[in-house]
Amino acid sequence: MKASQFLISTLKEAPSDAEVVSHQLMMRAGMIKKLGAGIYTYMPMGLRVIQKVANIVREEMNRAGAIELSMPVIQPSELWAETNRFESMGPELLRIKDRHGRDFVVQPTSEEVITDIARSEFRSYKQLPKNLYQIQTKFRDERRPRFGLMRGREFIMKDAYSFDRDADAAKASYQVMATAYRAVFDRFGLRYRAVAADSGAIGGDLSEEFQVIASTGEDAIVYCPNSDYAANMEKAQALAPVGAAPAPTQDMVCTHTPGASTCADVAKLLNLPLSQTVKSLVLATEETHEDGTPVGVKVWLLLLRGDHDMNEVKVGKLPEFANGFRFASVEEIEAHFGCKPGYLGPINLVKPVGLVVDRDVAVLADWVCGANQPDHHMIGVNWSRDLAAPTTVADIRNVVAGDASPDGQGALAIERGIEVGHIFYLGTKYSKAMNATFLADDGKPRHFEMGCYGIGITRLPAAAVEQNHDERGMIWPDAIAPFTVVICPIGMDRSEPVREAATALYDQLLAAGVDVLLDDRGERPGAMLSDWELIGVPHRVVMGDRGLQAGEVEYQQRRDTEATKMPLDGLAAALLAKLGH
């Protein structure tokens, strides 16, 4: 490609609404252009990156035996009603009506459509397993779209769905996809981690997120540097404490703590470690009879160490909260504790509450908690002596850096990541809801066992930029760069030797299958080189009259701080060797 035939449109400054680095740089480099909130045109430079990402994904999906198709962006509501998602999905699902008043949705994902295909196409176990995928535009009506392609409303995603005869076969299909995803992300040339993720209401352990490591990432990734253990914050666990709480060494005393309404304030006032304090979180559940009729509200007290935070996903998995929970209102709290939030604890309650104790609190001795009296706390509190030993003890907290890894291989570390892929074992959630069955080998109908597998095709380039940039611009890995090599001839419009040398190198690289661009625009050297540093092409060759007279050119890899001299003789072969051709 020659630059004069391409569309290159760079900006000196990023638009004022571009918040994160990837948004700023991709806008400045002319890769994307905002059309509306969370909706972008993929300009030619950006589209080249997206297409390379999609091609890598497509090649590895095909290699893994998946079959590509394309499902409609606009889908009839009837299918979504079968799974109750037309109503339950909420405002993120964009609902529209056609001229006849019929309801449709703009697809955010396609479980319903693919399940409908399976129930009509796969009638026998002999046709299984099957994995169908698409690379298609999606739309989610985000409340607050932001960060450019990181959290837009319209985006491109690869979504795949596997169909199997039983759970064991489905888990085998899952492992095939897990291997394929690692191959995909290895080829992207990015630092990433595959981390165990929560499986939500479906349950089970087969769920992994693929996170691109970046300090600006929204997700916390927990891992052990000494082992393969890795999980997202929702799923991560520390090594469980061993043994019972130590014997008491203090008497329980109600202590005046004026103005100290947080654990941190109390620890500072009493000159105690924060880990010796216990925070009280009050939840409420709507209780019902077996027939579903309401009984009333039950209030729960959750106890965690003052230096720990509650993990809502872990709490939601406890049987006590299987039907959901909310934080209790101030009125509910006062009715049960006789005190406003800030000084709550499990002692001297007005009304009984359900009690759930984090497993680290269960092994504490001589701890501090609220006294259910304004400006007062209890110190020297101990289980069994001052209140009954807890019956419900569970891991309900977020891990922190330095916790012991659950595999016993060292301490946990935490880094930030951007989720760009997720693989998930669905089971029969959709096949049962849509009565999607096949005839098993015993001649009886059976519901498909399903898995789903997604990659954010347009989110991945933004994640790559968040991980790979400097003060000059983007730094693309070779595999997904808009161009692999850019040739920058100085004064090409004025010097015949420069024009001939640049054109000869361009033709040689092009013939060798290199994705090369020749900048024949005649720009000033400073402006031309600044453009390519901003755009982030990984390999750059600069040639001018003076260098050619000496029989050399300047080569610079985008991460290098300085250019190096390379001889003109054999230049194409030397570059091909650097590129691994």
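**Helices, a sheet and cavities**

Helices α1 and α11 are roughly perpendicular to each other, because angles of 65 to 115 degrees are placed in that class. This is a predicted model, in which local features need pLDDT of at least 70 and side-chain atom pairs count only at pLDDT 80 or more, while totals for chains, interfaces and linings use all residues. Residues are numbered from 1 along each chain as its sequence is written, and side-chain values use heavy atoms, with hydrogens and water left out.

Two packed helices are described by the angle between their axes and the distance between the axes. Helix α1 covers residues 21-28 and helix α11 residues 459-467; they pack at about 105°, with their axes 8 Å apart. Axes are lines fitted to C-alpha atoms, for helices over the stretch in contact, and angles run from 0 to 180 degrees between N-to-C directions. Helices (H or I, at least four residues) and strands (E, at least two) are DSSP runs, numbered from the N terminus. From α1, Val 21, Ser 22, Leu 25 and Met 26 meet Pro 461, Ala 462, Val 465 and Glu 466 of α11, where contact means heavy atoms within 4.5 Å. The contact of α1 with α11 has six nonpolar, one polar and one charged residues. Here Ala, Val, Leu, Ile, Met, Phe, Trp, Tyr, Cys and Pro count as nonpolar, Asp, Glu, Lys and Arg as charged, and the others, Gly among them, as polar.

The next element is a sheet. Three strands form an open, antiparallel sheet in the order β4-β6-β5; two strands pair if DSSP finds at least two bridges between them. Its edge strands, β4 (74-76) and β5 (94-97), each pair on one side only. Strand β6 (residues 103-106) is joined to β4 by three bridges in the antiparallel sense, and Pro 76 stands opposite Phe 104 in β6.

The cavities remain. A cavity is a set of points on a 1 Å grid over the protein atoms alone where a 1.4 Å probe fits but cannot get out, and its lining residues have an atom within 4 Å of a point. Grid points are joined across faces, edges and corners, and a volume is the space filled by probe spheres set on the points. There are two cavities of 30 Å³ or more. The largest cavity has a volume of about 60 Å³, and its lining includes Trp 532, His 539 and Gln 556. The second largest cavity, of about 40 Å³, has four nonpolar, no polar and four charged lining residues.

Key
1 Å grid on protein atoms, 1.4 Å probe; cavity = no way out; pocket = protein on both sides within 12 Å on 5 of 7 lines; lining within 4 Å. Parallel < 35°, antiparallel > 145°, perpendicular 65-115°, else oblique.
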